[in-house]
Amino acid sequence: MSTILNNINNLVQEFQDKKIQLVNQLKVEFPNLFTHIFEKYPNLEAFQWNQYTPYFADGDECIFSVNECYYIKCTEDEELVQVYEKDGYRDIAEDINKILFKIDDDSMRTMFGDHVEIELYKDGKIKIDEYDHD
């Protein structure tokens with residue numbers, strides 16, 4: 001029986017190790033997923049989204065999720081602007097969200113963390129900050 005348990009434990013560990021390896025590879029390639037977005041919208045400099053597990057869900061299970069892109073920075077803007085504040089930004093955000101939501105939440109949490117706000121820049125730089133939410 002202990003041989004079977006050891007084999008199972010080894011397989012589980014091998015699976016976890018491979019998953020981490022693949023997610024780390026995805027994190028390196030992640031900015032490249034958005035190259036065509038930055039090419040389609042040449043004034044786009046950066047965008048931002050957050051992801052977290054709610055602290056309270058009205059009695060329901062609190063489940064981690066990636067939220068949609070909500071801030072965009074273009075060359076004519078001095079700072080990030082909310083998507084709904086400027087004409088045309090919603091189209092950019094929708095294109096970004098199509099890519100963000102193709103990656104499963106577990107991989108996104110492994111890549112960037114929980115309770116974080118992520119900003120991706122045109123040059124591929126990724127800035128991750130803690131995100132305070134209710």
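A charge is taken to sit over a ring if NZ of Lys or CZ of Arg is within 6 Å of the ring centre and within 35 degrees of the ring normal. By that rule, the charged end of Lys-125 sits over the ring of Tyr-121, 4.9 Å from its centre. Arg-109 lies over the face of Phe-64, at 4.7 Å from the ring centre.

The model is predicted: local features need pLDDT of at least 70, side-chain atom pairs count only at pLDDT 80 or more, and totals for chains, interfaces and linings use all residues. Residues are numbered from 1 along each chain as its sequence is written, and side-chain values use heavy atoms, with hydrogens and water left out.

Rings of Phe, Tyr and Trp (its six-membered ring) pair if their centres lie within 6.5 Å; planes under 30 degrees apart count as stacked, over 60 as edge-to-face and the rest as tilted. The whole structure holds nine aromatic pairs. Two of them involve Trp-49:

| Pair | Centre to centre | Angle between planes | Class |
|---|---|---|---|
| Phe-30 and Trp-49 | 5.9 Å | 45° | tilted |
| Trp-49 and Phe-112 | 5.9 Å | 80° | edge-to-face |

Phe-30 is in the loop between α1 (2-29) and α2 (35-40), 19 residues from Trp-49 in strand β1 (residues 44-52). Phe-112 belongs to helix α4 (residues 105-112), so its pair with Trp-49 ties together parts that are 63 residues apart in sequence. Helices (H or I, at least four residues) and strands (E, at least two) are DSSP runs, numbered from the N terminus.

Trp-49 is buried (under 20% relative accessible area; exposed is over 50%, partly exposed in between; 1.4 Å probe, protein chains only), with a value of 0%. Phe-112 is buried at 5%, and Phe-30 is buried too.
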